[in-house]
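The following report covers one protein chain and its computed geometry. Please read it alongside the sequence and the coordinates.

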Amino acid sequence: KADLNLHDFAGESYDLCIAMHCLHHLISLERLFNGLAGALHGNGCLICEEYTGPRFVEFSTPIKKHALTLFKALPQSLKRDRGGRLMK
């Protein structure tokens, strides 16, 4: 267990990281994703699920734009689905 707002991934390595409905609690997604990018093995996998929509949480347009900016900033190696296809 760790506070992902503070956790230092230095020297750690993972095959799989799963983030289920928790990323909205983090102060800096950039910090987390940079740490995970260095901690995931070469063919490791990051699975994130954050639901947004009219029946649960609808993010505002500025927040959606920010999320898209963060997604675009991720290395391509972290934007592949389970079949190896590059996600847009």
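## Helix α2 and its end

K72 is exposed, with a relative accessible area of 57%; exposed means over 50%, buried under 20%, and partly exposed in between, using a 1.4 Å probe and protein chains only. K72 is found in helix α2, which covers residues 61-73. Helices are DSSP runs of H or I with at least four residues, strands are runs of E with at least two, and both are numbered from the N terminus. C-alpha to C-alpha, K72 and A39 lie 20 Å apart in space and 33 residues apart in sequence.

Helix α2 also contains A73, which is exposed at a relative accessible area of 62%. Between the C-alpha atoms of A73 and K88 there are 12 Å, and the two residues are 15 apart along the chain.

## Basis of the model

This is a predicted model, in which local features need pLDDT of at least 70 and side-chain atom pairs count only at pLDDT 80 or more, while totals for chains, interfaces and linings use all residues. Residues are numbered from 1 along each chain as its sequence is written, and side-chain values use heavy atoms, with hydrogens and water left out.

## Overall layout

The protein chain has two helices and two strands, arranged along the sequence in the pattern β-α-β-α. Its C-alpha trace spans about 40 × 30 × 20 Å along the principal axes. Of the 88 residues in the chain, 20% count as buried.

## The β-α-β unit

Strand β1 (residues 14-20) pairs with strand β2 (residues 40-49) in the parallel sense, over six bridges; pairing requires that DSSP finds at least two bridges between the strands. A19 has C48 as its bridge partner in β2, and M20 stands opposite E49 of β2.

Together with helix α1 (residues 29-39), β1 and β2 make a right-handed β-α-β unit. Right-handed here means that, with the strands pointing away from the viewer, the path from the first strand over the helix to the second runs clockwise.

Which residues of α1 are buried? They are L32, F33, G35, L36 and A39. These residues lie on the same side of α1 because they cover an arc of only 160° around the axis, the arc being that of the directions from the helix axis to the C-beta atoms. On the face turned away from this buried side, α1 carries the exposed residues N34 and G38.

L16, I18 and M20 form a nonpolar patch on the surface, with about 290 Å² of accessible area together. Patches are made of residues with over 30% relative accessible area and no salt bridge; like charges are joined within 9 Å, and nonpolar side chains (Val, Leu, Ile, Met, Phe, Trp, Tyr) within 5 Å. A salt bridge is a side-chain nitrogen of Lys or Arg within 4 Å of a carboxyl oxygen of Asp or Glu. Areas come from the Shrake-Rupley method with a 1.4 Å probe, and for residues only the protein chains shown count as cover. In a regular strand the side chains alternate between the two faces of the sheet.

M20, found in strand β1, is partly exposed at a relative accessible area of 41%. H21 lies in the loop between β1 and α1 and is partly exposed at 36%. Although H21 is not a glycine, its phi is positive, at about 55°.
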